[in-house]
Amino acid sequence: MKKHFLYILCLILLFRCKKEEIGPQCLNCDETPISNTSSTDVLIINEGTFGWSNASIALYNKSNNNVNQNVFKNANNVTSLGDVAQSFLQINDKGYIVVNNSNKIEVVKMNDFKSVTTITGFNSPRYMLKINNSKAYVTDLYSNSVQIVNLNSNTISGNIAVQGWTEQLVLHNDTAYVCDMTNNNILIINTLTDVLVDSIKVGISPNSLVLDKNNQLWVLCSGGFNKENARLIQINPSNRDIIQTFTFSNINHSPGSLIINGSKDNLYFINNSIYQMSITGNSLPSTPIVTNSGNLFYGLGIDPTNNDIYVADAIDYVQNGVVFRYSASGSLIHQFTAGIIPGSFWFIE
Amino acid sequence: MFKAKLLLVCFNLTSFQLCAYVVKKILLTLLFVFSFTNTFSNNETLDTIAGKTFELIDQKIPQQYKKTAFDSISIVESQNLSELIQQHSSVFIKDYGPSSLSSISFRGTGASHTQVQWNGVLLNSPMNGQIDFSLYPTIFFNQAELHHGAASLLDRNGALGGSVLLKNSQNFESKNTAFIKQSVGSFGAYKTELSTSFIQNKWLFETQLFYYTAKNDFEFKNISKKGTPIEQQKNAEMSQYGIQQGIYRQLKNGSFGGRIWLFDSDRNLAPTITKDSANENQKDQSFRALLEYKQLRNKLSFTVTSGLIKDVLIYEDMSAKIYSKSNSYLVDNLINTTYYINNKINIINNLNIRFETAESGGYSTIKERTQGSWMTGATFHFGRVQLNVFNRFIALNDVFNPLAPSVGGKIQLLKKEQLYLKANAGINYHYPTLNDLYWNPGGNNSLEPEKAQMIEAGFSFTKNIGTTELSLDAVGFYNYVSNWIIWLPTEFNYWSPTNLKEVENKGFEATFGLKTTFGKLTVKHNANYAYTASTNIKTNNELDNSIDKQLIYVPFHKLNYTLSIGYKKTSLYYNYSYTGLRFISTDNNWYLPANFIHNASISQQIKLKKIMLTASFKANNLLNQDYQAMAYRAMPGRHFLFSISLGL
């Protein structure tokens with residue numbers, strides 16, 4: 001008997017001596033916090049695998065090609081940013097990371113990514129839009145509302161009732177234009193009164209929209225899963241009329257990530273490959289600017305300063321993705337490893 | 001008395017070589033003209049064999065195959081099948097925490113590559129091919145064993161990693177029994193178990209009732225938040241109840257009967273620790289029924305089993321306003337026969353016809369399919385050598401697959417020692433699930449079956465010295481799985497399965513058992529260890545960093561050890577489970593550190609006239625380890641369970 005107890009004791013002691021590690025650990029990660037971000041830095045917002053809480057932010061310096069991984073984690077000495085980093089917005093000297101499945105927005109200082117606060121109380125937040133210096137809107141997948149955030153107190157101050165899933169949104173004058181994925185509308189919200197005033201019917205699944213230099217709205221509708229052909233729609237916000245509609249020829253195609261360049265005269269989107277289209281173009285581009293040779297492109301970003309094209313391949317969605325940086329004309333400049341599922345980019349202002 | 005028991009055990013579908021051995025004894029006692037002395041190569045007498053009834057019952061497949069037979073103490077000490085496998089075998093369980101999902105990875109394979117049989121009836125969901133091991137309370141079966149690798153080839157097609165066999169054995173000779181147990185535990189756990197067995201005029205009636213409820217509102221350190229605050233687990237309340245009723249009739253050289261298993265689980269699904277709120281709920285409702293007819297006629301033994309399984313799964317997420325309900329039904333029919341030509345050769349023929357159907361919001365219409373398989377082969381015994389050769393023919397809808405063979409053998413190395421060398425090889429196929437084929441969008445109806453080619457070799461050694469019994473078993477395996485189905489995103493923005501992945505599983509499994517009796521003191525040690533290296537060897541993306549890396553959530557090392565000590569009416573039990581580092585990203589950049597969990601219990605029996613009162617106290621996670629079994633899923637620290645039972 002005695003022998004057995006001694007034996008157990010040994011066993012216990014043996015395994016107690018190890019350094020205590022709890023939860024996910026990184027094998028090859030530099031854990032030093034970043035010192036100072038600059039205007040030559042690009043943020044890569046890595047969504048992470050849904051439900052796995054492995055979202056992260058990577059920082060790429062476009063002048064020296066240096067990459068810092070896990071910027072938020074390292075700056076704040078926490079294990080994870082959260083579950084699904086959906087989008088990022090810079091407002092002055094602060095960064096807002098919308099963490100969809102952790103129901104929160106992390107507010108950080110832009111220079112070192114140290115946490116300012118966490119805005120909680122969301123349901124399934126998607127995108128954030130600055131309305132003015134004290135107010136922002138946040139769209140949501142499930143809450144049937146657009147949340148109003150007070151930027152001074154970093155709290156939710158109210159909400160605007162909508163029906164279903166709201167996605168990307170833009171501001172023009174005193175009006176916010178919001179993609180309504182459930183009802184295939186562009187919702188029109190008066191930002192002075194926070195009231196939903198109207199909607200414009202577009203195609204199925206309007207997933208992204210931009211405003212061009214002539215203050216025209218461009219809306220990309222994916223068409224759902226083989227429900228209808230995808231469409232790119234131009235809307236004149238002043239009279240809410242649809243000016244023109246470009247229909248994609250293949251019903252299987254599901255384009256997304258509509259982005260506009262810095263001078264707001266060229267549109268970019270992913271439709272397997274990357275396409276570029278002038279706002280004055282009279283048809284959809286037939287040849288891509290970047291061809292997806294074996295890659296499945298996920299996130300897209302256009303450098304507003306020089307039109308460099310950043311695009312990510314998430315590979316199997318359970319490992320670090322790869323980011324390709326192409327010149328404005330589509331030749332590869334550099335490629336580097338980011339975090340898990342690189343979904344979007346932010347070019348630090 | 002013993003005969004009847006053996007007879008029943010024997011007719012189980014997979015007890016080939018052992019059955020031959022046991023049936024020979026029966027045949028002898030029934031005055032069949034048989035000589036069997038050669039078969040007992042260790043010269044054991046009938047009496048000593050008879051004294052080891054339970055060990056005989058546990059041995060269902062030829063000894064050359066690797067299996068884990070759980071002893072009754074382990075079954076009773078475990079809350080459910082998940083805990084039983086996790087703590088008492090080398091097989092890895094993916095445990096999402098109390099009240100949540102629990103799936104399996106057997107020899108590095110995926111969750112749908114392990115098949116679970118209940119008295120022969122295959123329970124795996126026709127929809128995703130998986131089993132949630134947290135939904136199987138241990139009171140609902142009295143025997144359980146794992147068939148590793150090549151052993152599972154004999155059970156069914158489809159088990160690329162292994163199979164789990166749950167059995168309810170009948171004993172027509174036992175006394176009437178009644179047993180009730182009430183347990184109270186930490187985090188609002190209440191459990192009531194009732195079990196009765198009643199025999200009259202060759203009829204056996206048995207009932208098991210189960211009720212369990214828990215709040216699971218344990219505290220944990222939230223490492224994902226600044227300052228790692230202590231938080232309480234949210235949204236993890238659960239309740240489970242079930243009833244199983246069996247009725248059997250003893251026949252001359254056989255039995256006929258059936259059983260019904262009703263089970264209902266209602267649980268909230270706890271969020272990851274990075275989520276502040278959760279409103280997910282899952283309800284699982286199962287109806288399972290089977291009829292069995294077992295018979296021995298001359299040299300032919302057969303079992304005819306017909307099972308009907310209905311599973312309902314209701315998933316709700318209040319905050320996302322999602323409500324989904326799926327129903328699946330399956331009918332599983334088995335005819336298993338063994339023909340004992342002589343004491344050297346037995347012929348086995350097993351026929352299985354399975355019908356599956358399911359309806360779900362994820363399918364455009366109700367989906368169904370029929371699968372048939374016929375396994376034929378023989379076992380041979382020549383002195384110290386035993387061999388078996390089998391092949392399985394599979395038909396699925398209108399596709400015929402004529403080759404899924406399994407061969408195995410063992411040789412006794414020394415005439416006087418129970419030291420065997422053993423080796424097995426085979427090919428097994430796992431067919432795509434209904435979700436793989438028909439999920440909308442993404443389902444791919446041109447998928448090929450997943451194919452596993454496996455070989456294994458090892459040794460086993462058992463020795464009895466006085467009152468000490470020693471057993472050792474070690475096996476190395478290689479399992480090459482091709483056409484492994486993996487869901488990946490497509491250019492159409494939805495995910496779709498393809499036969500892309502190829503995986504090499506290599507490893508080593510060892511079991512050690514030592515039982516010593518000193519008068520009224522019994523000390524029993526049991527240890528299981530597995531080393532598993534599972535690597536992905538194929539990709540279609542040159543950027544893919546998962547090549548030649550360990551598959552995620554496959555620990556390289558897993559070890560557990562159980563000590564049970566019985567002295568008069570007091571027993572002590574201690575269990576140690578070590579799960580080694582496992583990677584959680586396919587490029588092996590992220591990992592979960594190893595965890596080591598200690599559990600202990602003490603129980604005391606008190607005899608009150610005819611009634612046996614047992615009080616027991618169990619401490620789980622004795623050293624209050626803070627750990628995650630799955631990334632960002634909270635696990636409880638030290639917690640307790642106090643039970644009182646009355647047995648008649």
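In this predicted model, 46 residues of chain B are in contact with 49 residues of chain A, contact meaning that the C-beta atoms of two residues, placed from the backbone, lie within 7 Å. On the side of chain B that touches chain A, at least two residues each come from strands E25 (468-489), E29 (570-579), E31 (590-592) and E32 (595-608) of chain B. E31(B) gives the largest share of that side, three residues. By residue class, the side of chain B that touches chain A has 22 nonpolar, 15 polar and nine charged residues; Ala, Val, Leu, Ile, Met, Phe, Trp, Tyr, Cys and Pro are counted as nonpolar, Asp, Glu, Lys and Arg as charged, and the others, Gly among them, as polar.

Strands, like helices, are DSSP runs numbered from the N terminus (strands: E, at least two residues; helices: H or I, at least four). Two strands pair if DSSP finds at least two bridges between them. E31(B) is joined to strand E1 (residues 25-26) of chain A by two bridges, and the two run antiparallel. In this pairing Cys26(A) stands opposite Trp590(B).

Within chain A, four strands form an open sheet in the order E4-E3-E2-E28, with antiparallel pairing. Strands E4 (67-68) and E28 (342-347) of chain A each have a single partner strand, so one side of each is left without a neighbour in the sheet. The antiparallel pair of E2 (residues 41-46) and E28 in chain A spans five bridges, and Ile44(A) stands opposite Phe345(A) of E28(A).

Residues are numbered from 1 along each chain as its sequence is written, and chains are lettered from A and ligands numbered from 1 in the order in which they are written. Local features need pLDDT of at least 70 and side-chain atom pairs count only at pLDDT 80 or more, whereas totals for chains, interfaces and linings use all residues.
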